[in-house]
Structure formats: structure tokens, C-alpha cells
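Q: Please take a close look at the aromatic rings of this model and at the nonpolar side chains. I would like one connected account.

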Amino acid sequence: MSGNIFKFKDATQLTLWVRYMLYAQIVVALIAIGSNYLEYQLLMDYQSGAYFSEEQAIADGDANDMRQLWVGLIYSLVFIVSGVMILKWIYRANFNARQLGATDMIFTPGWSIGYFFIPIFCIWKPFQAMKEIWLASHDPERWSLSDSSSTVNLWWLLWIVSNILGQAEYKFAERAEELQEFVYANMVSQVSEVSGILLALITLNLVNHIYRAQTMALARVEQQTYQVAQQFVAG
């Protein structure tokens, strides 16, 4: 045990950056909701015939498209960076759980993130890997006898829902040709942004719980190691 603990990699800074990126996701999603609402209002004006000037209608449409483009680019950037940080954090959390004494874990640090990129397997394998990390972090020595947390279950449910809505949003936007179809695409996008916020919040909760559990487990192991050393010296 004491030999493994020296391999434990402090995750404080990484966890802090993951939190920052999740907060950034929420902020950008809120901005996207506001931008989508403005687009919805524009589409309603188009439907109601509120514009008396075709030039003004085209100008407002172009301005809307440019705003949506910038919001989309910022959102994509934040999503990519936060995704990389979260995957790195999952790898570190799996690795540290092993150093805390968790044995017989099925998923290696590499596969705990690798399954996210494999079709079909990505539907359930990352969930199983995260469940292992959660259990092994909270009770390293008896993790296989513990029950899964509702937090992990909710996290994965929101992950699946968010991905489904993301795909639906893309398909609606790609196929939209009539005005009403653009309205439907906008509404799906709004729902998708809300699910993204919920996913970011539950991910934040998940990360904080696992980080605190591993920090407390490390403190316990270090205390045990210290006590053994003191007994050895006294003996």
C-alpha cells in the first residue's frame, strides 16, 4: 500500500480546471439560449409578416446568422477544451483509485476514456467505468461490495439524453428549408442547451464528490502509514 501511495498523482489543479470549464459550459449555454431566443423572435416576425422592408428582413437575418455563428464557435471551443480536461480527469481518477488500494478494477485508466470513442460500446462502457471509479474512490478496499450511486446513474442518463438531443438538433438544422422547420430546429436547440446545462451541473457534482472521496482516502492511508512507521520506530 505505502509503495502505491507514492504514485498517487495530485488532482487538485486538474479538478480546478475541470470546474472552470464546466462553469464556462454553463455560461456559454446560457448565452446560446439567449441567442436562440432572439432567433426565435426573428422567425416569429418572419411568420407574422412584421417586416415591411425586405432589405431590413435580410439585414436582420444576416445579423442573426453572424451572431449564431460566433456563439456556435465559442461553444465548440469550450466544449472541446472541457472535453479534453474531463477525459484527462477521468484517467487520473481511475489511476488514483488504484493507488489508494482498489484492486480487481475491470477498466484501466486508458479504457475508462477509450470507450467513449468506440461505437456501440460508448453507450454503456463509460458508465460502467465511471461507476467503478466512484465506488473505488469512496471505498477502495471493499469497492466491489458497494452499490452504485444515483449521481453516476443520473450523470449517464443526462449524457445519453444530451447526445440524442445534440444529434436531433444537428439533423433538424441540416434539413430545415421551410420557415416552420427552422422554428422546430430552434426549439430543439433550446431544449438541447437546457440538457447541456443539467449535464454540466451533474458532472460538476460527480467530479467534486470523487475528488473529495479520493482526498479523504489518501489522508486515511497516509495516517495509517504514519502510525505504522511510528510503531516501527518505537519497537
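This is a predicted model: local features need pLDDT of at least 70, side-chain atom pairs count only at pLDDT 80 or more; totals for chains, interfaces and linings use all residues.

**Aromatic rings and nonpolar side chains**

A: Leu73 is a residue of helix 3, which spans residues 54-99. Together with Met66, Leu69 and Trp70, Leu73 makes up a nonpolar patch on the surface. The accessible area of these four residues together is about 430 Å².

From the surface, the account turns to the interior. In soluble globular proteins, nonpolar side chains tend to be buried together. The largest nonpolar core of this model has 37 residues. Trp89, Ile90, Met130, Trp155 and Ile210 are the members that touch the most others. Helix 2 (12-48), helix 3, helix 5, helix 6 and helix 7 (179-234) each give two or more residues to this core. Helix 7 provides the largest share, with 8 residues.

The aromatic rings come next. A pair of aromatic rings is described by the distance of the centres and the angle of the planes. In the whole structure, a search finds 10 aromatic pairs. One of them joins Phe107 and Tyr115, whose ring centres are 5.9 Å apart and whose planes stand at 85 degrees. This pair counts as edge-to-face, because its angle is over 60 degrees. Both Phe107 and Tyr115 are buried.

A further edge-to-face pair is formed by Phe116 and Trp159, with 5.6 Å from centre to centre and 80 degrees between the planes. This pair links distant parts of the chain, as its two residues are 43 residues apart. Phe116 lies in the loop between helix 4 (109-114) and helix 5 (125-138), whereas Trp159 belongs to helix 6 (residues 150-175). The two partners also fall into separate accessibility classes: Phe116 counts as buried at 17% relative accessibility, while Trp159, at 24%, is partly exposed. The reason is that the limit for buried residues is 20%.

Ring pairs also build a cluster, which is made up of Phe107, Trp111, Tyr115, Phe121 and Trp124. Tyr115 has a charged neighbour as well: Lys125 lies over the face of its ring, at 5.8 Å from the ring centre. Elsewhere, the charged end of Lys9 sits over the ring of Phe95, 4.8 Å from the centre of that ring.

Definitions and conventions: Residues are numbered from 1 along each chain as its sequence is written. Side-chain values use heavy atoms; hydrogens and water are left out. Rings of Phe, Tyr and Trp (its six-membered ring) pair if their centres lie within 6.5 Å; planes under 30 degrees apart count as stacked, over 60 as edge-to-face and the rest as tilted. Buried means under 20% relative accessible area, exposed over 50%, partly exposed in between (1.4 Å probe, protein chains only). Helices (H or I, at least four residues) and strands (E, at least two) are DSSP runs, numbered from the N terminus. A charge sits over a ring if NZ of Lys or CZ of Arg is within 6 Å of the ring centre and within 35 degrees of the ring normal. Patches are made of residues with over 30% relative accessible area and no salt bridge: like charges are joined within 9 Å, nonpolar side chains (Val, Leu, Ile, Met, Phe, Trp, Tyr) within 5 Å. Accessible areas come from the Shrake-Rupley method with a 1.4 Å probe; for residues, only the protein chains shown count as cover. A salt bridge is a side-chain nitrogen of Lys or Arg within 4 Å of a carboxyl oxygen of Asp or Glu. A nonpolar core is a set of buried Ala, Val, Leu, Ile, Met, Phe, Trp, Tyr and Cys residues joined through side-chain atoms within 4.5 Å.
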